[in-house]
Amino acid sequence: MSTNTHATLNLAATLGLGVLISISGCRQASPARSEQPTAAVPAVVDVAIEKRYDIKTLLSNLRLSGSAISPDGLRVLFSSNATGVMNLFEVSVYGGAPTALSSSSTDSLYAIRYFPNDDRILYSADQGGNELDHIYVRAADGSVRDLTPGSKHKASFFGFADDEKSFFVLSNERDPRFFDIYEYKNEGYTRSLFYKNDQGLQPSAISRDKRFVTMSKASTTSDNDEYIYDRNSKKLRNLTAHTGVESNAVQEFTPNGKILLTSSRGSDFSALIELDPN
């Protein structure tokens with residue numbers, strides 16, 4: 001391309017730019033026109049079409065709950081309503097089809113866990129929907145035993161002892177207002193009253209040496225205290241005496257006998273605290 005051609009193009013570009021600047025300047029200098037009111041544009045509302053389901057469809061949804069690992073580490077225990085009501089199943093840790101361990105068509109069975117060293121299984125169930133749960137043991141041969149027989153009380157599992165030779169159950173059979181703690185031996189299921197609850201407290205943990213029992217007392221949904229009962233001295237005392245609103249909850253006893261407690265004391269959030277029970 002020749003030098004003259006370049007000059008011509010540059011001149012044209014310069015003139016064009018000048019025209020644009022001039023036009024822009026004229027627009028800026030022109031008197032502002034009064035703005036006309038803009039008509040409101042109606043908002044577009046996305047209305048979802050409501051779809052209704054009958055109770056049969058709702059109850060047919062698959063539910064799973066209560067997983068636990070077998071002592072040999074090869075199976076998982078759980079509950080499922082695949083049969084229509086909650087029943088017990090176990091499945092290999094490697095996957096595959098679950099094996100049904102119960103076949104109830106009326107009462108829902110909820111898996112708790114295996115025994116520590118064998119294939120016996122603990123589970124809970126009420127009777128015909130009466131919400132009075134009992135604790136049952138299913139032996140390896142499939143036979144079942146109600147560990148908390150009776151028609152007017154409720155029971156719940158409260159964990160195995162640290163030595164795994166016994167376990168604890170909460171039951172209000174003595175007094176429907178209060179839940180006592182009973183200890184059951186693994187062999188023979190003989191039981192004894194471990195803690196008699198006459199104060200209406202809610203048991204929360206048992207020390208590994210079985211000396212202490214901690215319990216909660218709620219004032220409101222956000223304010224409560226934790227108490228500790230010494231089975232040696234037979235004394236009950238408040239672990240978290242306070243004024244104002246404070247949330248407290250015993251989480252566990254450590255191997256060296258200390259208490260792990262979450263508390264909102266002095267804060268809007270809970271923190272983990274270690275306490276000496278003595």
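**View 1. Strands β9 and β10 pair in the antiparallel sense in this predicted model.** β9 covers residues 155–160, and four bridges link this strand to β10. Phe157 is placed opposite Val169 of β10. The two strands make a hairpin, with five residues between them. Within that turn, Glu164 has a positive phi of about 60°.

**View 2. Strand β10 is mostly covered.** β10 spans residues 166–171, and six of its six residues are buried. Ser166, Phe168 and Leu170 point one way from the strand. Phe167, Val169 and Ser171 point the other way. Both sets are buried. In a regular strand, side chains alternate between the two faces of the sheet.

**View 3. Strand β11 is joined to β10 by six bridges.** β11 takes in residues 180–185 and runs antiparallel to β10. Val169 stands opposite Tyr182 of β11. Val169 also has Phe157 opposite.

**View 4. Ser70 lies in the loop between β1 and β2.** Leaving aside neighbours within four places in sequence, Ser70 is in contact with Arg75 and Tyr114.

Notes
Residues numbered from 1 in each chain as written. Predicted model: local features only at pLDDT ≥ 70, side-chain atom pairs only at ≥ 80, totals over all residues. Heavy atoms only, no water. Contact = heavy atoms within 4.5 Å. Buried < 20%, exposed > 50% of the residue type's maximum accessible area, 1.4 Å probe, protein only. Pairing = 2+ DSSP bridges.
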